[in-house]
Amino acid sequence: MFLLIRWLLRRRRDRKAAAPEAPPTSNGTLGLVLHQTRYDLIGFLRNRQARFFTLVLPLLFLVIFVGVFGNHTVRSTGVKASTYYVPGISALGLIASSFVNLVISITAQREAGILKRRRATPVPAWVLIAGRSLTAIAVSLVVMSVLLAVGRFAYGVHLPTSTIPGIAVSAIVGSVTFCVLGYALSSAIRSEDAAQPMVQAIMLPLYFISGVFIPNVNLPSWMRHVAELFPVQHLADALHHAYDPATHGIGLVWTDLAVLAAWMVGGLVVALRRFSWTPLARGA
Amino acid sequence: MTAGRSGRTVAGMTETVITVKGLAKRYGSFEAVRGIDLEVHRGEIFAFLGPNGAGKTTTVEILEGFRRPTAGEVSVLGTDPAQAGADWRNRVGAVLQESQPEVGLTVRECLRLYAGYYDAPRSIDETIALVGLEEKADTLGDLLSGGQRRRLDVALALIGDPELIFLDEPTTGFDPSARRAAWSVIDGLRSLGKTVFLTTHYMDEADQLADRIAVIAGGEIVAEGTPLTLGGRDRLAATITFTAPGGIGASDLPEPLRSLADPNSNGTVSIRTESPLMHVRDLADWASASGFDLPDLDVRRPTLEDVYLALTELGKES
């Protein structure tokens, strides 16, 4: 995935400025990506608001929803409420760290001139993008592990051992997709203050119609059709399937991954056309 | 310091670091920069002065590679900045007009992060010491004062050990003591042998730091020179000011002083002259002959600010 982003960014950079960039050794650039990831992670962990919305809030949602529905088998889904909500809220946690947090932090960094200052250094653009995305993926995986651990020990949720490959692939494809969409959306938001309400306004309705908060078999069919168009539904569905104790095999839902990949490509096109390293609010 | 500076300037630094010929930048129908020429030599502090909106930041952003010129030739360290890659960026540092510290990182962590971007970074502790942030090394960037943030910005621009440093209005919004501290940092760059391209709208800053100055107004260079000679400052009229004792006014002065004299509203009299020594002597002869002293006698050269205001007014008219 990163190779794809890297290749596209290279191509774009080459087209924009026909200067050959000294190709750094692969070991050196991988090291540089990890260097960037490390400091992005430190910055994330020191941000109280980011910690709350990404790590604490999903846990609260899990406790609240399992409490509301009671931890017994829900007729419409055929599984216990906790078995239903661990993957659903995992989707929310993944989106909180890959999309919500990324849009807010990238917009803030751009408007504060931080991205521009980084671009005045020799660091390649794709290293900055890869480092920030790796941070989001790492946080997503941690949130999902915490939700699963709490689900296991507090609610006796089934541990999906045979479908771990399906969970991992869905989580990584989902996380990369939402990172790319985050970069695309940040290009349309002009100020840090507008970022938080904007991402919530987009995501909250989608959570409700995509089976994250309410099992979507309870929804009217037109609403389900609308949800089918958006990536949240497909991420939630892929995770629901992979966590379902009745699932055999490695737990991959190819159609869901295909829709996520399509959104990733769309997001990439927008991000490559529109993404700005310099503040939008000021200057010509 | 001034002696050291002019010594350096005279020492014949011929290597050009920045060459700009006929540079123009248009935004729609607005011509921000109208065909300017510039030359900056290795090891000098070059101040680029001008009022807000004169084209300073547009020019510096073209030199930094952030904007593309509409017309003209630009060469920075032998390369067109718009085409430059990582090798070039390894040799250039930039303090942007507005940029905040990295979110959630301490001063030292910010510098570690940026040090990783460069091939041959400077020592982190030395760089922190150079900008005087030793006490704040483990403080979060968000908790620094405005002046300290700016010094962190300078440290981040220096961490890659660049040959050329752009400083875009580095002391805007500083209190006087923070400004003095920043000046000593910038002056320290000179002793490291760096070339500095400084934009500012503070005359005292340019006067204090620069080897050479160019003034831009309305997108055009209206003057170029050293702080002492800019705009013919060394040849401009001086002003003699004094208060004569009770009842004696400008009209009581002997010629040629009488026709040069201007009474001021606060009771003082000013004489503008290109021969200050001769006219002070005439004034002294007259006062001693009349039996009084002139205790508040003042002879003042035009300041760089006087020259600058005259120049930028001209720029507006053209």
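Q: Across which strands of chain B does H10(B) lie, and at what angle to S10(B)?
A: This is a predicted model. In it, H10(B) lies across S10, S12 and S13 of chain B. H10(B) runs at about 20° to S10(B). Angles here can go from 0 to 180 degrees between N-to-C directions.

Q: What makes S11, S12, S10 and S13 of chain B a sheet, and in what order do the strands stand?
A: The order is S11-S12-S10-S13, with antiparallel pairing, and the sheet is open. Two strands pair if there are at least two bridges between them. S10(B), residues 238–242, and S12(B) have 5 bridges, so they count as a pair. S10(B) and S13(B) have 3 bridges, so they also count as a pair.

Q: Where does B:Glu274 lie, and how many residues separate it in sequence from B:Thr239?
A: B:Glu274 lies in the loop between strand S12 (269–273) and helix H10 (276–290) of chain B. B:Glu274 and B:Thr239 are 35 residues apart in sequence. In space they are 8.7 Å apart, C-alpha to C-alpha.

Q: What are the domains of chain B, and how do you know where their bounds lie?
A: Domain 1 covers 2–232 and domain 2 covers 238–300. The bounds come from an automatic or database domain assignment. The centres of the two domains, taken over C-alpha atoms, are separated by 45 Å.

Q: Which sheet of chain B has 3 strands, and what is its order?
A: It is an open sheet with the order S2-S1-S4 and antiparallel pairing.

Q: Why is one side of S2 and of S4 of chain B left without a neighbour in the sheet?
A: Strand S2 (30–41) and strand S4 (71–76) of chain B stand at the edges. Each has a single partner strand, so one side of each is left without a neighbour. Neighbouring strands of this sheet are turned by 15° against each other on average, direction ignored.

Q: What makes S1(B) and S4(B) a pair?
A: At least two bridges are needed. Strand S1 (residues 16–27) of chain B is joined to S4(B) by 5 bridges, so the two count as a pair. B:Thr19 stands opposite B:Ser75 in S4(B).

Q: Which strands does helix H2 of chain B lie across?
A: Helix H2 (residues 56–63) of chain B lies across S1, S2 and S4 of chain B. The helix runs at about 125° to S1(B).

Q: What makes a set of residues a nonpolar core?
A: The members are buried nonpolar residues joined through C-beta atoms within 7 Å. Here the largest such core has 143 residues. Among those that touch the most other members are A:Ile95, B:Ala47 and B:Phe197. Helix H4 (residues 81–111) of chain A gives the largest share of this core, 17 residues. Apart from it lies another core, of 7 residues, including B:Ala261, B:Val269, B:Ile271 and B:Leu283.

Q: Which residues does A:Ile95 touch?
A: A:Ile95 touches A:Val100, A:Phe178, A:Met203 and A:Val232, not counting residues up to four places away in sequence.

Q: How many residues of chain A are in contact with chain B, and what counts as a contact?
A: Two residues are in contact if their C-beta atoms lie within 7 Å. By that test, 27 residues of chain A are in contact with 28 residues of chain B. Helix H2 (26–45), H4 and helix H5 (114–119) of chain A each give two or more residues to this side of chain A. The largest share, 5 residues, comes from H2(A). The residues on this side of chain A divide into 16 nonpolar, 7 polar and 4 charged.

Q: How many helices and strands does chain B have?
A: Chain B has 11 helices and 13 strands. Of its 318 residues, 43% count as buried.

Technical notes. Residues are numbered from 1 along each chain as its sequence is written. Chains are lettered from A and ligands numbered from 1 in the order in which they are written. This is a predicted model: local features need pLDDT of at least 70, side-chain atom pairs count only at pLDDT 80 or more; totals for chains, interfaces and linings use all residues. Helices (H or I, at least four residues) and strands (E, at least two) are DSSP runs, numbered from the N terminus. A residue is buried if 20 or more other C-beta atoms lie within 10 Å of its own, exposed if 12 or fewer, and partly exposed in between; C-beta atoms are placed from the backbone. Ala, Val, Leu, Ile, Met, Phe, Trp, Tyr, Cys and Pro count as nonpolar, Asp, Glu, Lys and Arg as charged, and the others, Gly among them, as polar.
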